[in-house]
Amino acid sequence: MSKLLFKAVKCPSEDLSITNAVIVNEIDFQNKSLVLDYHRPYVSVTTLDSNLPHLFTLLASPGVKQGQMGFNAQHRKWASIMLNADIRVEPRRLNPNTDSIAQITLETDFLNKKNQQQTTLDSDKMAAEFSMLFVNRAFTVEEPLVFKYDKKLYSATVKNIEVMDFSKLNPKSNMAGSPKAAHEGFLTANSVIVFEKVEGSLITFTGKSKGKTAHTSIINPDWDFTKLGIGGLDDEFSGIFRRAFASRVFPPEVIEQLGMKHVRGILLYGPPGTGKTLMARQIGKMLNAREPQIVNGPQILDKYVGESEANIRKLFAAAEEEEKRSGAASGLHIIIFDEIDAICKARGSVAGNSAVHDTVVNQLLTKLDGVEQLNNILVIGMTNRKDMIDEALTRPGRLEVQMEIGLPDEHGRVQILNIHTETMRNHKKLADDVDISELASLTKNFSGAEIEGLVRAAQSTAMNRLIKATSKVEVDTEAIERLKITRADFLHALQHDIKPAFGSSKEELDVFVNQGILSWGEPVSRVLSDGELVVSQIRNSDQISLMTLLLEGPPGAGKTALAAKISKDSDLPFLKLCTPENMIGYTEAAKCQVIKKIFDDAYKSPLSCIVIDDIERLLDYVAVGPRFSNLVLQAMLVLLKKNPPKGHKLLIIGTTSRKDVLQDFEMLPLFKTVCHVSAISSSEQLINVLQESEDFTDIEISIILRNTTGKRLFIGIKTLLTVIDMAKQMEKGQRAEKFIQLLEDLGAIDYTT
């Protein structure tokens, strides 16, 4: 039968509005052979500008004129139907064998919420009356309803429908299969009706609906982890869910039977920008709970005595009141503390006589797990400095779930980049040459916030191409529609705009290898080979989390350059240089803080490498005396043997020109591998360097060879390259003699042999 056109109007009366049916004139349907009987009272309704059908039950009344259909306000809003608008109507048949509702879940609240008080309703009685009122009526998921119970009006939303397929009866047992989720169906006298209260509602349900306990699901049914904008934290979120929320999925009576208490506190810690605050916000969206209270740690503190503690008590007041009133039926109250270390420092660690921090910590401890403990709260704390928090706060019963939100790995960076480029991709503003996997590999040790900043920087670079900077700033409006973010824009942003806070010191190390590594003999290849083995071991071994390598040799032998080469070729995500050059004028305590921070930052990356250059200079060692910094020495001794946290690996490469000093300081045994970096000691090795440099003619090289053959040489590669560069300043033909003279002046040639 073809679709019929009707005009939408209001329901003719309030009584007809709460039938949740569409009110029609019976004559319309008699004329068109659409009989309003028990079997066919259903129609699909669509507006003229939409093809999305909505299912309704028909009810005849003379209060509606021919050619009109009366809708209540809730249904008009749900189906986007305007008053006096033309609508299309098509008859629908619902099959009793496949469309009979087995169970329907209704989220319920007062229709008029003003001046309402806490009310307890018997869900069994309400379900029985609802069944009598709406038997054989069609319902759809997300459909809004209004009904009267015990002289009061209630609103409801259909949250879930399950239907039973009676067409597939088991011939042996004469039983249908298991219920299955459906978008629509019609109510029967045997349908299970489950009432759940709306978040924040003053309604409390008791009893059982048709044998099924009615309780509020803690997990928001609309929650979708993939749409929350969190990337790279799948494992962390799974761990939080298992520890903190799994118990809240079960009905309260099951938890009571187990004698179980819910987790009341979560601590999220890790570097800045890794998604701690974002995850806390999304946890609040995921749960059917009261609106989360988000508090910045410093906001709690007050200069007046007792006010800081009172601020803590106010945060828990609503939860305490509802716990006393509703017991196990109480809703969940979420309190989120950002920068919790500001108010929960270890007691006794803050100088001063007021002891405000101590009393604030005590107040929070009693609220979390005191004499009158609450079971309807969830406290989420976030910090970059877990080490500063009072240990009593992190024991079981308080902030017992502690989850490190670290820097994302490559898979996580792919997720984050996809999240932040999705809008561009959907609007075809992302060029085809942008490879997300490539960008993920190039953004080692980037936090989620830094990746977002990278995307913004690339967008700014692309938009800047359209700006003509003449005497006035003009925008190429014709090219705006063709604007696309390209691979070159991302690479420009990586090179010039965004650097990771826990990133690489590659630029500093580049200085040491800007002339390349000259493989002048077996000693060089041996050191590089040993370095590759150490890197492979730290990458692949499941037994070792800390690996130490020491390059020792005479001054100028190229130890720093080789350490830079090994560390750069390792391609580990975190690469930092610890050098005395960056600590000139520092006090002993300041040096220790800088060194400790480098190690602390390294522990935050899954794979890290630290190059400690010129260790004896770092220790302020002076042979006269001798003198050295004991404070820095003790810090180094501790850090060199301290294993990184679980799941993290660290490679330490040190360089020294005084192996004997490190032996005296008991530091040498802490290096598991020691490689000797030799100076150039033979004429053959010297000629290899000269040939590699390509700065001397064959005749000049033969003159140098004749003057050095059979002589004992001793010169570091770094010093030798300087001598070569100086000799290059001479005229060709005179370089050989000048080169020999410079070596003799340095004492690099021993003529006594």
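**Close-up views of a predicted model**

**View 1. Confidence across the predicted model.** The protein has a mean pLDDT of 81, with 85% of its residues at 70 or more. For residues 171–176 the pLDDT is below 50, and this stretch makes nine contacts in the model beyond near neighbours in sequence. Residues 209–216 also have pLDDT below 50; there, 27 contacts are found beyond near neighbours in sequence.

**View 2. The open sheet built from E25 to E29.** Five strands with parallel pairing are arranged in the order E26-E27-E28-E25-E29. Strand E26 (574–578) and strand E29 (673–676) are the edge strands, each pairing on one side only. From one strand to the next, the twist averages 15°.

**View 3. Strands E27 and E28 with helix H21.** Strand E27 (residues 607–612) and strand E28 (residues 649–656) run parallel and are joined by six bridges. Val611 has Ile653 of E28 as its bridge partner. Helix H21 (residues 630–641) lies across E27, E28 and strand E25 (546–552), and runs at about 125° to E25.

View 4. In helix H24 (residues 698–708), the buried residues are Glu700, Ile701, Ile703, Ile704 and Thr708. These residues lie on the same side of H24 because they cover an arc of only 160° around the axis. Exposed residues Asp698, Ile699 and Arg706 sit on the face of H24 turned away from its buried side.

**View 5. Surroundings of helix H24.** After H24 comes Gly710, with a positive phi near 80°.

Conventions:
Residues are numbered from 1 along each chain as its sequence is written. This is a predicted model: local features need pLDDT of at least 70, side-chain atom pairs count only at pLDDT 80 or more; totals for chains, interfaces and linings use all residues. Side-chain values use heavy atoms; hydrogens and water are left out. pLDDT is the predictor's confidence in each residue, from 0 to 100. Contact means heavy atoms within 4.5 Å. Two strands pair if DSSP finds at least two bridges between them. Helices (H or I, at least four residues) and strands (E, at least two) are DSSP runs, numbered from the N terminus. Axes are lines fitted to C-alpha atoms, for helices over the stretch in contact, and angles run from 0 to 180 degrees between N-to-C directions. Buried means under 20% relative accessible area, exposed over 50%, partly exposed in between (1.4 Å probe, protein chains only). The arc is that of the directions from the helix axis to the C-beta atoms.
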